[in-house]
Amino acid sequence: MTRLLVANLAAEASLGGVDARLPEAVWQRIAGAGAYLAVLARPGDRLWLPRRAAMPAAVTLPAVDVVFGDLAVAARGAARILAWCETAEIAAVRSALPAAGSSVAARGWIDALWTMAPPPPAVVARCNHRRFGLKVADDGGWALAGTTAVTTIAELEAWVAAGGARLGGGAWVAKAPQSCAGRDRARGSGAAIPADVATRLARLLSRHRELLVEPWCQRTLDFGVAGLIEGDRVRVFAPHRQEVDGRGTARAIVIDDDSATWLSSREIAIIDAAAHHTATALSAAGFRGAFGIDGFRYIDPAGIARLCPLLEINARLTFGHLARALFPGGGTLPIA
């Protein structure tokens, strides 16, 4: 039975209803990183990539038939489809396939990914929206103070002037409602916005109509948690570390379940509570499937170490899932 993996790592554009206007070099990086989805495959499966890319040499992956081009063509003959992120395009391609056979009991979480019914694209779009994530974090008491949405540059300037970025010492970041991997965002410090940053903000607002702005804090540790919602059952894995560059873009995932060496017991308990709180909110919204959360430890302007256990929600597969599948006993997955 041939199955198809879809590495649609630029799915946030589809979720947000905008064109994926990415440079070719970015598409190449997306295709290279998307090749890691092969870890979820078995012999005979296919892997669709948005561009032709070499399989990563850093890790050993199952052999798959790598395909490109038209997704509907790539899906012909496939019994099942598993995508990085469920979108309307994926759902349309799946609906054109013969009905899949009855599911068998899943033996592990990877089997569960393949056998469970995918979530509706509209639910996925809603749950990946930053307003949804902000509400979930706010309900749990973990939202970064000052975080809000703006629709104009003037609103952003007024927000900074009113102390909205105080937690970041005046530094801030503006993010598109649907975005990931450090794309579609702009950073600044203070209310005086340089011309180049203002130009980027204007372009982002033109495309997305609103941006979520939050303080850009002095981070000392980045982490994530991968999970899976199967009906009424929730699986939450141990936190994993993220190696992040100065722009906030994850460069590697480190699986090290001896988290007591890099998190306090109190932090572990808070992060676990945030992950389960997120799963409850996602379930209430009608979402089922793989999900992840991101958070960080930071130093506030008074020099006090603080924890933000829930900065973002990803209602889809994450590199945390792929790293855990590759390195169940621990290891590092380079993603850029």
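Strands here are DSSP runs of E with at least two residues, and helices are runs of H or I with at least four residues, both numbered from the N terminus. Strand 2 (residues 46–48) and strand 3 run parallel and are joined by 3 bridges; R46 has D65 of strand 3 as its bridge partner.

A word on the model itself: it is predicted, local features need pLDDT of at least 70, side-chain atom pairs count only at pLDDT 80 or more, and totals for chains, interfaces and linings use all residues. Residues are numbered from 1 along each chain as its sequence is written, and side-chain values use heavy atoms, with hydrogens and water left out.

Taken as a whole, the protein has 11 helices and 15 strands. Its C-alpha atoms fill a box of roughly 60 × 45 × 40 Å along the principal axes. The radius of gyration is 20 Å, which agrees with the value near 20 Å for a compact globule of 336 residues; the radius is taken over C-alpha atoms, and the globule rule is 2.2 Å times the number of residues to the power 0.38.

Another open sheet of 4 strands has antiparallel pairing and the order 5-8-6-7. Here strand 5 (148–150) and strand 7 (185–189) sit at the edges, and each has a single partner strand, so one side of each is left without a neighbour in the sheet. The twist in this case averages 30° from one strand to the next. Strand 6 (residues 171–175) runs antiparallel to strand 7, with 5 bridges joining them, and V173 finds its bridge partner in R187 of strand 7. Helix 9 (residues 195–208) lies across strand 5, strand 6, strand 7 and strand 8 (211–215), and runs at about 145° to strand 7. Axes are lines fitted to C-alpha atoms, for helices over the stretch in contact, and angles run from 0 to 180 degrees between N-to-C directions.

As for helix packing, the axes of helix 7 (residues 130–140) and helix 10 (residues 265–284) come within 10 Å and cross at roughly 130°. That makes helix 7 oblique to helix 10 (under 35 degrees counts as roughly parallel, over 145 as roughly antiparallel, 65 to 115 as roughly perpendicular and the rest as oblique). Contact, meaning heavy atoms within 4.5 Å, is made by F132, V136, D139 and G140 of helix 7 and by H277, T278, A281 and L282 of helix 10.

Technical notes: Two strands pair if DSSP finds at least two bridges between them.
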